[in-house]
Amino acid sequence: MVRTLSSATPFSIKKAAFSLMQGELVSFPTETVYGLGADALNEKAVAKVYKVKARPLDHPLIVHISTLNLLDKWATAVPSGALKIANTFWPGPLTLILTRNYIAKDFVTGGQDKVGLRIPSHPTALALLSEFEKLGGLGVAAPSANRFGAVSPTSAEDVKLELGEYLTDSDLILDGGTCNIGLESTIIDFTQGMPKILRPGKISIELVQDVLKCKIETYSSTNKTKVSGLLESHYSPKAKVFLTGNPKPGDGFIALANIQTPKGAIRLASPNNNDEFAQILYAALRNADKLGLRSIYIIPVFGEGIASAINDRIFKASNFKN
Ligand code: TXA
Ligand code: MG
């Protein structure tokens with residue numbers, strides 16, 4: 001049971017890097033959501049991540065690194081397009097799926113011959129990764145710090161509420177404040193010829209196309225790659241999420257600020273724009289659960305950029321099973 005949060009100071013970050021080296025788990029902030037990190041070379045530590053999350057073993061983890069110098073250690077035959085994207089958007093909210101090099105073992109890749117890699121931009125994440133690398137570490141495997149299928153946490157307090165009871169006293173939660181972006185990284189797969197977006201995020205398809213100077217595909221259901229965020233139902237609070245219909249009095253309601261709250265509904269968030277919407281969506285979904293609401297009505301957003309990531313997540317949150 002983790003009882004306290006460690007505020008992210010140079011000392012606690014060093015301590016956290018050491019804990020990772022010792023095979024303990026460290027939850028840390030990134031600009032997207034909080035991750036639950038383990039030494040990506042340590043099979044036992046990675047197994048603990050799966051256990052704490054109750055995540056199926058064939059769902060691969062993203063390996064986080066602090067520098068492009070480590071790219072070739074983890075990936076082989078990196079296409080020039082992938083390098084261009086990495087140089088443009090890293091550090092940042094982007095994950096590349098590349099053909100794995102030998103150090104990326106089955107226990108991290110879910111048995112696939114490809115590996116997910118990301119350099120995050122959050123200063124605490126970067127500092128933790130570089131301290132870990134100074135100690136000889138090569139990468140930190142980190143999924144979002146939530147139970148499988150649940151909403152990703154965007155604050156250290158939410159990590160504690162979500163996973164505190166499954167973590168031990170030797171594990172740590174580094175508190176680096178609230179995540180700026182609020183939705184998970186964009187995932188681009190470069191292993192199958194034409195690059196393909198597997199999960200939309202802050203780095204939009206338009207931005208990626210601008211850099212690559214070509215049209216790229218988004219995920220299709222014929223793709224066999226395991227991406228848990230692509231499951232029909234994911235990012236789900238306990239309350240049922242509806243994207244159409246009218247809330248009854250006492251139901252939760254999330255929409256842009258210019259949309260009025262239906263009579264009797266409980267307003268959970270009034271973001272002023274799509275970026276704010278992304279930032280507070282997960283906290284608002286969690287708040288609905290804290291309030292014990294049964295239903296949440298969310299009005300989808302329009303526009304380019306992060307809009308498609310918001311709509312993707314709320315659509316998946318709404319795909320409950322009756
Ligand atoms: O923003 C993020 O990406 C956050 C922060 C902590 O970095 N991490 C995150 O991890 O969202 P996770 O595990 O919750 O979601 C990562 C997704 C999963 O759906 C996983 O299946 C996919 O990335 N993924 C990871 N490695 C992969 C691989 N080798 N091939 C295909 N998909 C992969
Ligand atoms: Mg996740």
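## Backbone exceptions, strands and rings

Lys213 is exposed, with 70% of its relative accessible area open (exposed means over 50% relative accessible area, buried under 20% and partly exposed in between, with a 1.4 Å probe and protein chains only). This is a predicted model, in which local features need pLDDT of at least 70 and side-chain atom pairs count only at pLDDT 80 or more, while totals for chains, interfaces and linings use all residues. Residues are numbered from 1 along each chain as its sequence is written, chains are lettered from A and ligands numbered from 1 in the order in which they are written, and side-chain values use heavy atoms, with hydrogens and water left out.

- Most residues other than glycine have a negative phi, and most peptide bonds are trans.
- Lys213 has a positive phi, near 55°, and is not a glycine.
- Lys213 belongs to the loop between α8 (205-212) and β11 (217-218); helices (H or I, at least four residues) and strands (E, at least two) are DSSP runs numbered from the N terminus.
- Ala77, another non-glycine residue, has a positive phi of about 50°.
- You will find Ala77 in the loop between α3 (71-74) and α4, and Ala77 is exposed at a relative accessible area of 66%.
- From Trp90 to Pro91 the peptide bond is cis, with omega near -5°.
- Pro91 sits in the loop between α4 (80-89) and β5 (94-99).

**A parallel four-stranded sheet**

- Four strands make up an open sheet with parallel pairing, in the order β12-β15-β13-β14; two strands pair if DSSP finds at least two bridges between them.
- At the edges are β12 (240-242) and β14 (266-269), each of which pairs on one side only.
- On average, neighbouring strands of this sheet are turned by 30° against each other, direction ignored (axes are lines fitted to C-alpha atoms, for helices over the stretch in contact, and angles run from 0 to 180 degrees between N-to-C directions).
- β12 and β15 (residues 295-298) run parallel and are joined by three bridges.
- For Lys240, the bridge partner in β15 is Ser295.

**Strand β3 and its antiparallel partners**

- In β3 (residues 35-39), five of the five residues are buried, so this strand is largely enclosed by the rest of the structure.
- β2 (residues 26-28) pairs with β3 in the antiparallel sense, over three bridges.
- Opposite Val26 stands Gly37 in β3.
- Six residues lie between β2 and β3, which form a hairpin.
- β3 also runs antiparallel to β7 (residues 140-141), joined by two bridges.
- Here Ala38 has Ala141 of β7 as its bridge partner.

**Rings worth a look**

- The structure holds one aromatic pair: Phe242 and Tyr297 are stacked, 5.0 Å centre to centre and with 15° between the planes.
- Rings of Phe, Tyr and Trp (its six-membered ring) pair if their centres lie within 6.5 Å, and planes under 30 degrees apart count as stacked, over 60 as edge-to-face and the rest as tilted.
- This pair links distant parts of the chain, with Phe242 in β12 and Tyr297 in β15, 55 residues apart.
- Phe242 counts as partly exposed at 24% relative accessibility, whereas Tyr297 counts as buried at 9%.
- Arg147 lies over the face of Tyr166, 3.8 Å from the ring centre; a charge sits over a ring if NZ of Lys or CZ of Arg is within 6 Å of the ring centre and within 35 degrees of the ring normal.
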